[in-house]
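Me: I have a protein model open and would like to learn how to read it. Could you take me through it feature by feature?

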Amino acid sequence: MMTFGNTQLDEAAALLAARNYKSAHAICMDVLRADPTSAQAYYLLGILTADHANHAKAVELFERALLYNPDHAGALAQLARSQIARLNRDLALEAGRASAALQPEDAYTLDTLGVVFSRAGLHADAVPFYAAATKAAPGVADYHYNHGAALQFLGDMDAARAAFERCLAIDPLETRALSSIVQITRQTAAQNRLAELEAAFTATKDDADHALRTGHALAKAHEDIGNPAEALSWLARAKAKKRQAIRHDPAFDTALFDAAQATIAQLSGKPGYADAAPLFIVGMPRTGTTLVDRILSSHSAITSAGELTDFGLCLKRQSATRSNYVLDPETLAAAGALDLAALGKAYMDSVHSTQNIEGRFIDKMPLNAFYSALILAALPNARVICLRRHPADTVLSNYRQMFATSFSYYNYAFSLEDTARYYVGFDRMMTAFARALPADRFCEVHYENVVADIETETRRLLDFCGLPFEAACLAFHENAAPVATASSAQVRQPLYTGSLARWKRYEAGLTDALDILVQAGCMTSGERALK
């Protein structure tokens, strides 16, 4: 935390760092009664407010601090962080870049800027700030973890591991760093972190988030070593406490699938914004979306913009629905009354203002699948590519994935059975889109086909996008662009077949989920070896 040369405010900053919010607040209010123009006091109150997730009020406080001190780099950085939390990416980057231009030197502000650029998907921009933060305050474990995560996304796995190890040297129970090392490092019977992970799980098992991280890492380690039953057992233990805390409602998922399919009939005949040709790669997570993104973005005419939230946010703003979700049945239902050309233009303006991309680009947010009909209505020259994967492998891979717990759309993945039911709904939705949407603008690609014959599938996809074949697309693993997904390590390797039919190794533990898939007609009983 910054110091200000003011004894009271320095004390307030220390109390704030210790999470003694009541005392910190009291000191700041005392300072403001004596000096209503104290930028530092407003800055600290803004941090306190942001810590309580009231980012709208935090923005007001940071702006008040900047009113009295426009060159307060810390206030600009924190303003950026609150704006990114409010999904105002363009405003966040504006404030973040203004802070960076002031060349701050305190570790807290430097790390905050790294967080802002990371959350904006600009990982190469984030790394220098994280590195500077670790130099300014080498004893803070969080800064080393953040640095490692950004390096991982950039593909520098050796440097990422070193950063995570520095984090663990400071805090041996920093489960984010420990689990990250395991996720990017193949474990073997001779060389693994099992004992360390089990000790961490025992020490932190009462904390749902720590248990989730260490349990997932233990599952990954056992899978690497060849113990699928142990892997499933650890996944169940990892998810148990968090599953009790979340509120997953399968009925919400069903309503969302139904509302998305209803958009097909709502939008016919309405003009869109034709002056754009973005490529959307959609599908359930862990089905090959990142692989196809890397293949196509290796083409000289295509840039990957990563997983953008822009389309959903533009739809939410234009529909002005009062619900608490960006993506929900109410917002999808409101789409039929919108000016679709304005929606398409708003999306393109939003991307251009924050991404600095020229020409064709990929937006690979998986949840854009729900907007497939809307996207093609609002952007008539866009293309939507939907990844499909064997139903059982899709269910297993989603269950194995540790999604961000603050993102409720993936709460189905805390249960194998809920994941199977979600797959059934998703399959029906995408089948309806494939039947109704124009084949020259919507296509499905199967992960298994890409792995089996990458060149044929690559040529087919490039032809679908209206682009000539380039051999660089087959060398996707040489693509140096950042990857901020769970596939960050895998897609930097040549194509491999180890993920095909993985579900068969786990079949004994998947009985109930497989029953759901068979009963829904998503797979046949004949595919199963165990009855």
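Reply: Gladly! Let's begin with contact, which means heavy atoms within 4.5 Å. Leaving aside neighbours within four places in sequence, Ser-415 is in contact with Arg-243 and Tyr-399. As for ground rules, this is a predicted model in which local features need pLDDT of at least 70, side-chain atom pairs count only at pLDDT 80 or more, and totals for chains, interfaces and linings use all residues. Residues are numbered from 1 along each chain as its sequence is written, and side-chain values use heavy atoms, with hydrogens and water left out.

Me: Where does Ser-415 lie, and is Ser-415 buried or exposed?
Reply: Buried means under 20% relative accessible area, exposed over 50%, and partly exposed in between (1.4 Å probe, protein chains only). Ser-415 has a relative accessible area of 4%, so it is buried. It lies in the loop between α21 (391-400) and α22 (416-436); helices here are DSSP runs (H or I, at least four residues), numbered from the N terminus.

Me: What does pLDDT say about the chain?
Reply: pLDDT is the predictor's confidence in each residue, from 0 to 100. The protein chain has a mean of 92, with 95% of its residues at 70 or more. Over residues 485-489, however, pLDDT stays under 50. Where pLDDT is low, the predicted coordinates should not be read in detail.

Me: How do I read the angle between the axes of α9 and α10?
Reply: Axes are lines fitted to C-alpha atoms, for helices over the stretch in contact, and angles run from 0 to 180 degrees between N-to-C directions. Under 35 degrees counts as roughly parallel, over 145 as roughly antiparallel, 65 to 115 as roughly perpendicular, and the rest as oblique. The axes of α9 and α10 (residues 157-170) come within 8 Å and cross at roughly 165°. That makes the two helices roughly antiparallel.

Me: And how do α9 and α11 cross?
Reply: The axes of α9 (residues 141-154) and α11 (residues 175-184) come within 10 Å, crossing at roughly 25°. These helices are therefore roughly parallel to each other. Residues making the contact include Asp-142 and Tyr-145 of α9, along with Arg-176 and Ala-177 of α11.

Me: How many disulfides does the structure hold?
Reply: A disulfide is a pair of cysteine sulfur atoms within 2.5 Å. The structure holds zero. For Cys-465, the nearest cysteine sulfur is that of Cys-443, 7.3 Å away. Cys-465 is buried, at 4% relative accessibility, and Cys-314 also counts as buried, at 6%.
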